[in-house]
Amino acid sequence: GVGVQGKSTLAHRLRQRWLQRRAQHGAVVLYGRLDESLLLRKLNNGLAGSPAAREALNSRDALRFRLRHALTSCDEQLLIILDNFEDNFEQEGGAPRLVDGRPLLTGAVVQLLDDLLFALQGSADQGQEHRLLITSRYRPVIRFGGQGDGVLAVFQLDRLNAEAVQK
């Protein structure tokens, strides 16, 4: 949704609640532009208590397999937040480039997101319960494994009032 509606505030509150649930819950927050080195650095920091997962992240396998192995072998359930994801859209004249009325993600981010979704699905198949939360002003077109939209649940938020922010 549009700016100043509380998307980042809500993501922060969800992160706090996620971490309070159990000792085996961790969270990784990536803000703005996403790239492979940032993703790996943040995940390495977030998986500090899981040597097997960190070893998998630093292997020489393709990124999608490193991520899947790390998320499958880690000892905690991660909440991965991609906040202000609108920074990852192709730009044209200072605004997101639109095709058929929808903004386009940069090619590099499409591949990173596909690898991350592949890893999350693979870890879910092994009983892990990691979560991905994306905040954005615009609804991205996300295709995973050729399945198109519908792989992810998308929620449009109304502006949070002061009382809701305090909760």
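Trainee: Which residues are buried in α1?

Mentor: Buried means under 20% relative accessible area, with exposed over 50% and partly exposed in between, using a 1.4 Å probe and protein chains only. In α1, K7, A11 and W18 are buried. They lie on the same side of α1, because they cover an arc of only 35° around the axis, the arc being that of the directions from the helix axis to the C-beta atoms. Note that this is a predicted model, where local features need pLDDT of at least 70, side-chain atom pairs count only at pLDDT 80 or more, and totals for chains, interfaces and linings use all residues. Residues are numbered from 1 along each chain as its sequence is written, and side-chain values use heavy atoms, leaving out hydrogens and water.

Trainee: What covers the buried residues of α1?

Mentor: Contact means heavy atoms within 4.5 Å. The cover includes β1, β2 and β7. Helices (H or I, at least four residues) and strands (E, at least two) are DSSP runs, numbered from the N terminus.

Trainee: In which order do the strands stand in the sheet?

Mentor: Two strands pair if DSSP finds at least two bridges between them. Here 3 strands form an open sheet, ordered β1-β2-β7, with parallel pairing. β1 (25-31) and β7 (131-134) each have a single partner strand, so one side of each has no neighbour in the sheet.

Trainee: How many bridges join β1 and β2?

Mentor: β1 pairs with β2 (residues 77-83) over 7 bridges, in the parallel sense. For V28, the bridge partner in β2 is I80.
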